Amino acid sequence: MREGLRATLAVSAGFWCALGEMLRSCAARLRMLGALRKDEHWPARNLGPALRWFSSEKDFCLPNPSWSEDLRHLFHQFMKKCEDGSWTYISEKEMLDLQKKASELSFQNVKPMKKKQFPSTLTRNFQEGLGFEYAMFYNKDERRIVCLFQGGPLLQGFPGLLHGGAIVTMVDYSISILSTKTIGFTMTAYINITYKRPIPIGSVVVINGQVDKIEERKVFLSSSVHSADEKTLYSEATSLFVQLNLEKSET
Ligand SMILES: CCCCCCCCCCCCCCCC(=O)SCCNC(=O)CCNC(=O)[C@H](O)C(C)(C)COP(=O)(O)OP(=O)(O)OC[C@H]1O[C@@H](n2cnc3c(N)ncnc32)[C@H](O)[C@@H]1OP(=O)(O)O
């Protein structure tokens, strides 16, 4: 009898503990949402207009008011490098054209997307200054890409620091454009990134990507992420991109 009572008490204590934990977690979430809603930058109330579609005409790679002095300075430096033709600026239109072409591909049983079915790429789905602010430059002869990147507050991981997933997203996106421009449409087979120093939110970093080797459909690339003054090495990555085998996948 006593054993039964003890077991019942243990079960009910466990139940109340679990319920308490659940309520505390709900309260914390509500507090967080409340705090975010008070933040004037929080876009949740305004998600509709925040979505950018394939058809967007605006060049989001050009400077906007959220860009820091460092980002503007580097952007103008690279625009100068474009004057002799060694480097070319990759406009939003060029990226969207690539994306549109990619959306028309039929491979690995994925049906081509209908026009306007999906919003723009992940890196462009944030309001100005809150997510990924970047501009890219391509050097065809050297098979290199440079991405000037300023990560906003919605990309936070540890307080005040960029999330590693956001960093690798920007690296992956930059070198995916490089490999696609080098041999045609490719997909990431692997990317191996080492995070050496944390990146503060809002700071400007320079992503350098280069093609190391091409073996038939395989493109091996390496990349680094440095501070704007090149003094700090934040991350390094090696990766393999594989050219899409469209013939194989269409069968
Ligand atoms: C569509 C792109 C648009 C880009 C335009 C840009 C702008 C606009 C869109 C923006 C887009 C951003 C995009 C970001 C980049 C992603 O985020 S891509 C998404 C993440 N990646 C994926 O989901 C890929 C999933 N994996 C796959 O689909 C397939 O495994 C792959 C990678 C396409 C390769 O498959 P496959 O064509 O059947 O090739 P397969 O015969 O298996 O392998 C070919 C060779 O590669 C080797 N290989 C394959 N995988 C591996 C591996 N993991 N490790 C080592 N070797 C490997 C094989 O051993 C083989 O070597 P060889 O025997 O020839 O020497």
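Me: What is the strand order in the open sheet of seven strands?
Reply: This is a predicted model. In it, the order runs S1-S2-S3-S5-S6-S7-S4, and the pairing is antiparallel.

Me: Which strands are at the edges?
Reply: Strand S1 (88-90) and strand S4 (186-195), each of which pairs on one side only.

Me: And how many degrees does the twist average from one strand to the next?
Reply: The average is 20 degrees.

Me: Take S3 and S5. How many bridges do they pair over?
Reply: Seven bridges, in the antiparallel sense, between S3 (residues 144-151) and S5 (residues 204-215).

Me: What does Arg144 stand opposite?
Reply: Gln210, in S5.

Me: Helices now. Which strands does H3 lie across?
Reply: Helix H3 (residues 69-81) lies across S1, strand S2 (132-139), S3 and S5. Its direction is at about 160 degrees to S3.

Me: What does H5 touch on the sheet?
Reply: H5 packs on the sheet with contacts to S1, S2, S3, S4, S5, strand S6 (218-227) and strand S7 (233-243). Its direction makes about 140 degrees with that of S4.

Me: Is H5 largely enclosed or largely open, and why?
Reply: Largely enclosed by the rest of the structure, because 15 of its 20 residues are buried, that is, under 20% relative accessible area.

Me: How far does H5 reach from its first C-alpha to its last?
Reply: Helix H5 (residues 164-183) reaches 28 Å, close to the 28 Å expected at 1.5 Å a residue.

Me: What follows H5?
Reply: Gly184, with a positive phi near 105 degrees.

Technical notes. Residues are numbered from 1 along each chain as its sequence is written. This is a predicted model: local features need pLDDT of at least 70, side-chain atom pairs count only at pLDDT 80 or more; totals for chains, interfaces and linings use all residues. Side-chain values use heavy atoms; hydrogens and water are left out. Helices (H or I, at least four residues) and strands (E, at least two) are DSSP runs, numbered from the N terminus. The expected span of a helix is 1.5 Å times one less than its number of residues. Buried means under 20% relative accessible area, exposed over 50%, partly exposed in between (1.4 Å probe, protein chains only). Two strands pair if DSSP finds at least two bridges between them. Axes are lines fitted to C-alpha atoms, for helices over the stretch in contact, and angles run from 0 to 180 degrees between N-to-C directions. Contact means heavy atoms within 4.5 Å.
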